[in-house]
Amino acid sequence: DGKNARPIGLYGYSLGGFLSLAAASDNPRVGAVTEQAGGIWNSQEKRLGKMPPVLMVHGLEDQRVPVKKYARPLERVLRARGGQVETDWVPGQGHVFSEAAMSIVRPKVAKFFTRELSSSR
């Protein structure tokens, strides 16, 4: 029936980040979202409804999905609505992270999902 189902976590990279945010919007089944190198399309904040906690991960040198154009608007919208948002802006990384950078990011993402999906909501 889905009423007693545990919440799920969505992790999306690049276009998947945009899509994960859209899929989580107004979706009570989603308990947390990590989006990496995603954001909000063309400042279309009306596309986002009620959101679960969000972890935003972006390389500050990303030229494909620039932080200023896509991530910062998303962060502003989530914070303005009182949403729970965490950010991990990674210096020296572009759209594709090095393996060394990902070895630091992965445990942060796992900790975020463990915390948010195991808490009773």
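Select Ser25 to begin, a residue found in the loop between H1 and S2, where helices (H or I, at least four residues) and strands (E, at least two) are DSSP runs numbered from the N terminus. This is a predicted model, in which local features need pLDDT of at least 70 and side-chain atom pairs count only at pLDDT 80 or more, while totals for chains, interfaces and linings use all residues. Residues are numbered from 1 along each chain as its sequence is written, and side-chain values use heavy atoms, with hydrogens and water left out.

Is Ser25 buried or exposed? With a relative accessible area of 13%, Ser25 is buried, since buried means under 20% relative accessible area, exposed over 50% and partly exposed in between (1.4 Å probe, protein chains only). Show its neighbours next: not counting residues up to four places away in sequence, Ser25 touches Arg47, Leu48, Gly49, Lys50 and Met51, contact being heavy atoms within 4.5 Å. A polar atom of the Ser25 side chain lies 2.6 Å from the backbone nitrogen of Gly49.

Then select Arg29, in the loop between helix H1 (15-24) and strand S2 (30-36); with a relative accessible area of 36%, Arg29 is partly exposed. From Arg29 to Pro52 the C-alpha to C-alpha distance is 9.5 Å, although the two are 23 residues apart in sequence.

Now step back to H1 and colour its buried residues, which are Gly17, Phe18, Ser20, Leu21 and Ala24. Seen down the axis of H1, these residues fall within an arc of 160°, so they line one face of the helix; the arc is that of the directions from the helix axis to the C-beta atoms. An α-helix has 3.6 residues a turn, so residues three or four places apart point the same way. What covers the buried residues of H1 includes strand S1 (8-13), S2, strand S3 (54-59) and helix H2 (67-80).

Aromatic rings are the next stop, and a search of the whole structure finds two aromatic pairs. Rings of Phe, Tyr and Trp (its six-membered ring) pair if their centres lie within 6.5 Å, with planes under 30 degrees apart counted as stacked, over 60 as edge-to-face and the rest as tilted. The rings of Phe18 and Tyr70 have centres 5.6 Å apart and planes at 85°, so this pair is edge-to-face. Phe18 lies in helix H1 and Tyr70 in helix H2, so the pair ties together parts that are 52 residues apart in sequence, and both Phe18 and Tyr70 are buried. For Phe112 and Phe113, the ring centres are 5.7 Å apart and the planes at 55°, so the pair is tilted; both of these residues are buried as well.

Turn next to S3 and strand S4 (residues 85-90), which run parallel and are joined by six bridges, two strands being paired if DSSP finds at least two bridges between them. Select Leu55 and you will find Glu86 in S4 standing opposite.

Finish at Gln36 in strand S2, which counts as buried at 3% relative accessibility. The Gln36 side chain makes a polar contact with the side chain of Tyr11 at 2.4 Å; a polar contact is a pair of N or O atoms within 3.5 Å, and within protein one must be able to donate a hydrogen and the other to accept it, while residues adjacent in sequence count only if both atoms are side-chain atoms.
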